Amino acid sequence: MKFLFTAGGSHSTVFSMAPLATAARNAGHEILLTVDEPTLGTAEAIGIPAAPTPHPGQAAARLDALLELARDWTPDVVVGGLSYVPGLLAAHLDVPYVRHYWDIVPLRDEPALPPLLERMGLTGPPEHALFIDVCPPCLRPSPTPGARPMRWVPRNRQLRLEPWMYTRPKGRPRVLITAGTRAFRLRNTGASMRRLVDELTLTGAEVLVAAPPGAAEEFGTELGDVRVGWLPLDVVAPTCDLMVHHGGASTAMTGASAGVPQLITPENDYAKAIARAFTGFGGALTVVPQERPDEDPGEVIAASCREILGDPRYAERARALTKEIAALPTPYDVVEQLETMAGG
């Protein structure tokens, strides 16, 4: 069978679909992932066969590209995420459409959808044959009836590992600060980042800062005695006592899978929804420095970090979340259902 996966708009979408795509490939099926050009390198880096398509925001152009691709490589199953476009392709091909994302924020409106529906001869968005939800049940604000839960499996780029990446420091907590793939986030924090690092170092913590290649040379001396640069998040996360991040889905779920308490500083409404869910469960705290303009952001975040590190209840709740994730069906279990659904 042929499985066409469609992602794009962020590296996180590629990481989230990679486990199911890999499971389908390991089961003997052909797979192909379509992504927009800026995220194509991410798919290549984790070994997923990928072809470029326009950004999800260019709905009409993206649909044209998918229709053209399907003339040469016709899938038996189409797997998509937040966009309605993959469903339009599946309806045109008369094959099952599988929606794959995490049910923690509602689907966004797509202004370009009505003309595309008219063009394809449809009266409404095509219904999915299956909805795969990688959000742990305890975090869902309002579970979608009939959703098929699936375990989140962390994926990220890999390079050669060093021993400190997979071992815990002795006698001191380890705190990981990351802005995901957003390099500008680190550049714009300036003195506040240095303040945060200094405050955490005073607690005796070892501080790691995940950042793009070259950041170690640019920021290393500015941030003092910390490790700055590329980090294999899936490997490093289990060695940490706290993760500080912006609220990206992939980052948050990687920390959750590793049982690590989190301090989330959301930068948009999507990230705020993620932060509310994790904080409500008790394994995280949310800090929005913009809501406290008279205080130094680094100190505001550091104070919450000290609270998490000093209260074992956060770690207990984080471990409880990890157990729930581990109990969910694996991507291989879901592939078997897709095979049955598509008649493979």
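Select Gly-255, Ala-256, Gly-259, Val-260, Gln-262, Phe-278, Gly-283, Ala-318 and Leu-321: they line the largest cavity. A cavity is a set of points on a 1 Å grid over the protein atoms alone where a 1.4 Å probe fits but cannot get out, and lining residues have an atom within 4 Å of a point. Its volume is about 40 Å³, taken as the space filled by probe spheres set on the points. Helices α10 and α13 (312-326) each bring at least two residues to this lining; helices here are DSSP runs (H or I) of at least four residues, strands are E runs of at least two, both numbered from the N terminus.

This is a predicted model, where local features need pLDDT of at least 70, side-chain atom pairs count only at 80 or more, and totals for chains, interfaces and linings use all residues. Residues are numbered from 1 along each chain as its sequence is written, and side-chain values use heavy atoms, with hydrogens and water left out.

Next, select α10, residues 249-258. Because 8 of its 10 residues are buried, α10 is largely enclosed by the rest of the structure (buried means under 20% relative accessible area, 1.4 Å probe, protein chains only). Among the buried ones are Thr-251 and Met-253.

Now step back to strand β11, residues 242-245. Leu-242 and Val-244 point one way, Met-243 and His-245 the other, and all are buried. β11 pairs in parallel with β12 (residues 262-264) over 3 bridges; strands pair if DSSP finds at least two bridges between them. Look for Met-243 opposite Gln-262 in β12.

Definitions and conventions:
Buried means under 20% relative accessible area, exposed over 50%, partly exposed in between (1.4 Å probe, protein chains only). On a 1 Å grid over the protein atoms alone, a cavity is a set of points where a 1.4 Å probe fits but cannot get out, and a pocket is an open set with protein on both sides within 12 Å along at least five of seven lines; lining residues have an atom within 4 Å of a point.
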